[in-house]
Structure formats: C-alpha cells, structure tokens
Amino acid sequence: MGGLKGLVKKGLGEMGFNAEGGVVNWFPGHMAAATRAIRTRLKLADLVIEVRDSRIPLSSAHGDLQPQLSSKRRVIALNKKDLANPNIMHKWVNYFDSCNQDCIPINAHSKSSVKKLLELVEFKLKEVISREPTLLVMVVGVPNVGKSALINSIHQIASSHFPVQEKLKRATVGPLPGVTQDIAGYKIAHQPSIYVLDTPGVLVPSIPDIETGLKLALAGSVKDSVVGEERIAQYLLAVLNTRGSPLHWRHWNNRKMEGIRYEAQDKHEYNLKDLLPKRKKPPNMSDVLYIEDLVTEVQCALYKTLAEFNGSLEDENDLENLIEQQFEVLKKAWKIPHKTSEARLMVSKKFLTLFRTGKLGPFILDDVPEVNSVP
C-alpha cells in the first residue's frame, strides 16, 4: 500500500497531528481529569470491560492505559459488530484468543448480544465471587465506541433479572465524542453486589501515527472538525481504492447495477443524519428508495472510476488524481452544483454518513497483526 502510505504522509499529514505523527489537537480538559480518576478506580476494579470499535480493533485501543488494563481481568468487547466484516471479524477473535485475551464481538443495542457478554463477565468473576461480597466492573474505551449504549443495555437486562433497591439513572448517550462526563456507578445485582461503573471515553492524547488518527476520525472517535470531513473522506477513498473494494460492488444485487429504477410514490423528506444513532426516524418506502439510490450512485461512480483507472495505486500522485476524479463524479451523481463553494464538503459529509452507518457494507480498517502480544 505504498500509494496509501504516501498519500497519508503527503496530502493528509497537515491536520491535527505534529510532524512526528503524534499529538492530535483534541483533548478536552475534562478528559485529562477523567483519565486520572480512571487510573484510581482501575486499582479497585475486579474486572474491566474494554470497549473497542469492531472496525478498528487495534486503533481504538486506549494506548495509555494498556499496561494497567492488561494486568487486570479484562474482556475486550468489540462493539458495532454489525458494521464490521464478519469474514474478517473471526480472524480478530482468533488473534485475541491466541494472545490469551478474552474477546467478544457485540452489538451494544442488542440485548441478546449483551447477555452473552455478561455471561462471559460472570464466568470470569466466579473465582472472585466466593471471597468478595462486592464486585466492581469497569467499562472503559475511547470516545464513541458505544460505552454508554452498553451500560444502558446492561442496566435494562440487570433490572429485569435482579431486585434493584435504588432508582438508577441511565448513562447519557451523546452524538459527539467525549459526551459522557461523569464517572457513575450502577448497581446491577445482589448477592454478591455487582456494580458497573461507566467512565468517560478518554482518547489517548498521543496517537502513534497519522493513519491511526485518521481511522479514529473515520470511526467517529475524533470530532470531524478536528481533522476535517474532506480529509477523512479522502482517506476513506484511498483505503477503498487500494483494497479494490469498489470492484466487488459490481456483484452486489441492487437496483441501479441491474438498470432498474423505481419511482417513489411519496416525496421523501429524509435527512441522512437520521440514519445516525439516537436520531433515527422510521423511513417510509420513498426514503428507503432514496437511500438505496444514494448508495448505488456511490457504488457505480467508484466502480466505474476504479475499473477505468490505468494508473498505479502504489503511486501516491496517481492515487490522488483518482480520488480527485471520484470527488467530481460523486458531485455530478448527487447533482451538487459544481461551482458551489462547499460542494466538496457536501460530498464528504454524505459519503462519510453512508460509510459510518454501514450502508456501503461491513468493513474493518485494521489489518490483523502477526500473533505476538496484545497491544
């Protein structure tokens, strides 16, 4: 992936990172305080659930806390498994298993999925239960990996299975990274008493390289405004092209590829942002067709440009030219006026929303490493 690496260094390097590919310029003050509080509570925790994003199982690890986390009883919960490629997901599970690290892919919004996680947690805690009357389970992770959604599901499941003495507050789920600001405890079981603590997501202030930062931004763990939607979309296009993903879309069974188009009965008034978590509103048939059309426009545009591309994906200049061409094709496909000053930004936002909501298919950005140790 010489072209991708070169493009990352050349065209994407001047963003929120320093020349060494280190510090990202986004680290809210409350997070520094939260990190100190987490370190203190980690010493008291009997088990840690480290939530990561299934699409970036390594890049979403909390680097600063890894030494402390690896010394605890830990379960790595790879959340948003519905957005990750299942064919590659099992390789990640095998990788963590070979490192003697408990790992389970989950969907934090699915109670059956969370129940499996709780069964694993209980199994891991059995050796402690016999000698401790009160057990503490801690949930940690970088922003927007789904910690609060997981806490809410755990609370709902526990409330239906155990008598709860006090009224428990739900964790606050927010659309922006780092929104859960207080460390709060939830009593989820009696005999023994088990408490789950929710913690603010604390992004590692020092990111090891630019590409890791871009992956975190693409997954939503860094605010778009820090890196810029256009840069994130450019990186996503670079990844899709170098992996040849658009060439596989030709085989997808969708209306546009087959030359079939339906006319919507109702006028759609659907905003793509409604696809995002906590903003969903039920789409009507017109909305469904509208979204399908957006997706197939992307698939056709990227497939055609990559299939006709006669340069080298290993050459950063060729790759950059291809991406520029794809931006132009998407503008036309989505009927965005060419002279609009924010046309490129509008393309980027639509493109990123389709990717982040899984409409372009399941994907995993991190490559499975050689088996040695858990990062």
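This is a predicted model: local features need pLDDT of at least 70, side-chain atom pairs count only at pLDDT 80 or more; totals for chains, interfaces and linings use all residues.
Local features are reported where pLDDT is at least 70 and side-chain atom pairs only at pLDDT 80 or more, while totals for chains, interfaces and linings use all residues. Residues are numbered from 1 along each chain as its sequence is written, and side-chain values rest on heavy atoms, without hydrogens or water.

Two packed helices are described by the angle between their axes and the distance between the axes. Helix α9 spans residues 229–243 and helix α13 residues 343–356; helices are DSSP runs of H or I with at least four residues, numbered from the N terminus. Their axes come within 9 Å and cross at roughly 55 degrees, where axes are lines fitted to C-alpha atoms over the stretch in contact and angles run from 0 to 180 degrees between N-to-C directions. The crossing is left-handed, a term for a near helix turned anticlockwise from the far one by less than a right angle. On the α9 side, the contact (heavy atoms within 4.5 Å) includes Ile232, Leu236 and Leu240; on the α13 side, Leu345, Phe351 and Phe355 are among the residues involved. By class, the contact has 9 nonpolar, 1 polar and 5 charged residues (Ala, Val, Leu, Ile, Met, Phe, Trp, Tyr, Cys and Pro are nonpolar, Asp, Glu, Lys and Arg charged, and the others, Gly among them, polar).

Helix α9 also holds Asn241. This residue has a relative accessible area of 0% and is therefore buried (under 20%; exposed is over 50% and partly exposed in between, with a 1.4 Å probe and protein chains only). Beyond residues up to four places away in sequence, Asn241 touches Pro246, Leu306, Leu313, Leu319, Leu322, Ile323 and Gln326.

Trp92 belongs to helix α4, residues 86–98, and is likewise buried, at 0% relative accessibility. Leaving aside neighbours within four places in sequence, its contacts include Pro57, Leu58, Ile364 and Pro369.

The whole structure has 4 aromatic pairs (ring centres of Phe, Tyr and Trp, the last by its six-membered ring, within 6.5 Å; planes under 30 degrees apart are stacked, over 60 edge-to-face, the rest tilted). The rings of Trp92 and Tyr95 have centres 5.7 Å apart and planes at 90 degrees, so this pair is edge-to-face. Trp92 and Phe96 form a tilted pair, with 6.0 Å between centres and 35 degrees between planes. Phe96 is 4 residues from Trp92 in α4, so about one helical turn separates them.

Note on methods. Helices (H or I, at least four residues) and strands (E, at least two) are DSSP runs, numbered from the N terminus.
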